[in-house]
Amino acid sequence: MPAFCAYGDGGCLVSAPAELSGLFCRGAVQQQQQRKRALVAASAVAAAAAAECVRAAKKRRQQVPQPQLPSLDALPDECLFEILRRVPGGRGRGASACVSRRWLALLGSIRASELAQAAEAASTPALPDLNEEFVMEEEEKDGETPADPCVERVLEGKEATDVRLAAMGVVAGSRGGLEKLAVRGSHPTRGVTDQGLSAVARGSPNLSSLALWDVPLITDAGLAEVAAGCPSLERLDISRCPLITDKGLVAVAQGCPNLVSLTIETCSGVANEGLRAIGSCCKKLQAVNIKNCVHVGDQGISSLVCSATASLAKIRLQGLNITDASLAVIGYYGKAVTDLTLARLATVGERGFWVMANAAGLQNLRCMSVTSCPGVTDLALSSIAKFCPSLKQLYLRKCGYVSDAGLTAFTESAKVFENLQLEECNRVTLVGILSFLHNCSQKFRALSLVKCMGIKDICSAPAQLPLCRSLRFLTIKDCPGFTDASLAVVGMICPQLEQVDLSGLGEVTNNGLLPLIQSSEAGLIKVDLSGCKNITDVAVSSLVKAHGKSLKKVCLEGCSKITDASLFIIAENCSELAELDLSNCMVSDYGVAILSSASHLKLRVLSLSGCSKVTQKSVPFLGNLGQSLEGLNLQFCNMIGNHNIASLEKKLWWCDILA
């Protein structure tokens, strides 16, 4: 019987054999697959069309200009300036300065007077700075009085940039600004320029002291801003600023009439015109220091001294191309001068010093210092003593034409003289010093001889030795010809010594030191024997036993023959000793233990640097030196490790330890 298959098409039943039935079924399946592929293709086309529509819409949206949010940065500088100068409070301005360099620059250009005008013009009172009030309340609760951070500032090296100066000026401007500013050095790539200095000047109308050291980018424009914004400036110190010229000094002279102190060092652009302006406008000028300025000459110095004759008290001229004329003007017009320093004036001769003294204007001169001036001779020295009746202190360094004759003539006229310091004056001998001591006034108190090669032992002492009971301070340092015989003579003629510095006298032994110790009647207070390598425990024992109750400072650095025996005597007899230097001595752990056991010893400073016998065993004893210890030097003590130093720092936390 034939097989039948029903195929529905439009609701009709069709009968067919089995072979036809299979063909019909396969055809139906193929039709369905074609329809599915057609649907998938249609869906893909639709998706692609939709994506294209989305891209087109997005593109159209991008082409339509979007509304921009308003921004303060879009305002011109003039408008933004007016807004920023009305920001209330230092904290608000400080926070505004952190927004951008543009805002910082604009805030830095606002003068303090403009801030005050903005506050007065405001119709409503400014809102209080709640953050500032909160901080102040917290500080008051802690019981601390907040220090004013805007009084004085120092910027050094890499910290010295325009940004720091500008920010400093902005923050300080709300509190009256800075009073003192020192810029030492400058950042190598972002160094201080006129812009930073101008920001400080505009925000600190009360600036009284300004120091610019090694700031090569500062010019006359920056100094002019200071002159315009800081009329209260009293002290100006300019060093190694090559771009500052007379123009900047003229601006300072015109804008800062209250200037009392002026220092100019190594400024190649400064010449005579600037000093002339300072002298004419600054009638309160009291001190002037001009050093290594190659274009400063007689005209500038003379004009300055002539104009400031009533107030100028201190004059320091160093490394200048001036002549006798400048010294003549100082001698005639320096009626108020009390302190005069002259150094490296190669073109000033004997005539200049003689005329300066004979002009008789230096009646109030009390202190005079001369270094490397060939014009200082015996004649000049005699004239200075004769016509400067108030002179009390004289310091001569590298004055090779001064001899014993000059000292003798000087002391005959100097009636109130108190202090003589000679360094590298090689024509002066011990005979001249003895003559000086014989004729000096009853007020003479201090004598210093440093590196004077002419100070040597004399074959025979004078028949009648002078007695100088007024001398209190004696320094004989690095004079290789000064030995035991000379020291014994000094001890006999100076019985009232209180401070003795014999450092660097390698030839002195106990035989020379003992007579000086024994002849001292007043009681030695400070004794420096550093470098006296032949001094032994015997001399220290004699010193301590005779003056232990008065000694406050003893320096034995480099005395390689000093051992623990000296420390034992010191611990027993010194009740007032505050400073003890045992560097490079032969003391050991035992001596340190002895010092720590002395309950009456209240050392403030102890140096054991280079003491090879001091080891880690001394650490517990050093920790028991007491609360009085402020400084401890353990450098080059190789036997004391870092671990022991750390433990010692914990125990002596209040003490500065060098290791």
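Reader: Hi! What should I know about the model and its numbering before we start?
Author: Hello! It is a predicted model, where local features need pLDDT of at least 70, side-chain atom pairs count only at pLDDT 80 or more, and totals for chains, interfaces and linings use all residues. Residues are numbered from 1 along each chain as its sequence is written, and side-chain values use heavy atoms, with hydrogens and water left out.

Reader: Great. At what angle do α9 and α10 pack?
Author: Helix α9 (residues 220-229) and α10 pack at about 0°, with their axes 8 Å apart. The α9 helix is therefore roughly parallel to α10; angles under 35 degrees count as that, over 145 as roughly antiparallel, 65 to 115 as roughly perpendicular and the rest as oblique. Axes are lines fitted to C-alpha atoms, for helices over the stretch in contact, and angles run from 0 to 180 degrees between N-to-C directions. Helices (H or I, at least four residues) and strands (E, at least two) are DSSP runs, numbered from the N terminus.

Reader: Which residues meet there?
Author: From α9 there are Asp220, Leu223, Ala224 and Ala227, and they meet Lys247, Gly248, Leu249, Ala251, Val252 and Gly255 in α10. Contact here means heavy atoms within 4.5 Å. By class, that contact has 6 nonpolar, 2 polar and 2 charged residues. Ala, Val, Leu, Ile, Met, Phe, Trp, Tyr, Cys and Pro count as nonpolar, Asp, Glu, Lys and Arg as charged, and the others, Gly among them, as polar.

Reader: And how do α10 and α11 cross?
Author: The axes of α10 (residues 246-255) and α11 (residues 272-281) come within 8 Å and cross at roughly 5°, so α10 is roughly parallel to α11. On the α10 side the contact is made by Asp246, Leu249, Val250, Val252 and Ala253, and on the α11 side by Asn272, Glu273, Gly274, Ala277, Ile278 and Cys281. Those residues divide into 7 nonpolar, 2 polar and 2 charged.

Reader: Switching topic: how many cavities are there?
Author: A search of the whole structure finds 3 cavities of 30 Å³ or more. On a 1 Å grid over the protein atoms alone, a cavity is a set of points where a 1.4 Å probe fits but cannot get out, and lining residues have an atom within 4 Å of a point. Grid points are joined across faces, edges and corners, and a volume is the space filled by probe spheres set on the points.

Reader: What lines the second largest cavity?
Author: Its lining is Leu430, Ile433, Leu437, Leu447, Leu449, Leu471, Leu474, Ile476, Val490 and Cys494. Two or more residues each come from α17 (430-439), β12 (446-450) and β13 (473-477), with the largest share, 3 residues, from α17. The lining has 10 nonpolar, no polar and no charged residues, and the second largest cavity holds about 50 Å³ of space.

Reader: How many bridges join β12 to β13?
Author: There are 5, and the two strands run parallel; strands pair if DSSP finds at least two bridges between them. Leu449 has Ile476 in β13 as its bridge partner. Strand β14 (residues 499-501) pairs with β13 in the parallel sense over 3 bridges, and there Thr475 has Asp501 of β14 as its partner.

Definitions and conventions: 1 Å grid on protein atoms, 1.4 Å probe; cavity = no way out; pocket = protein on both sides within 12 Å on 5 of 7 lines; lining within 4 Å.
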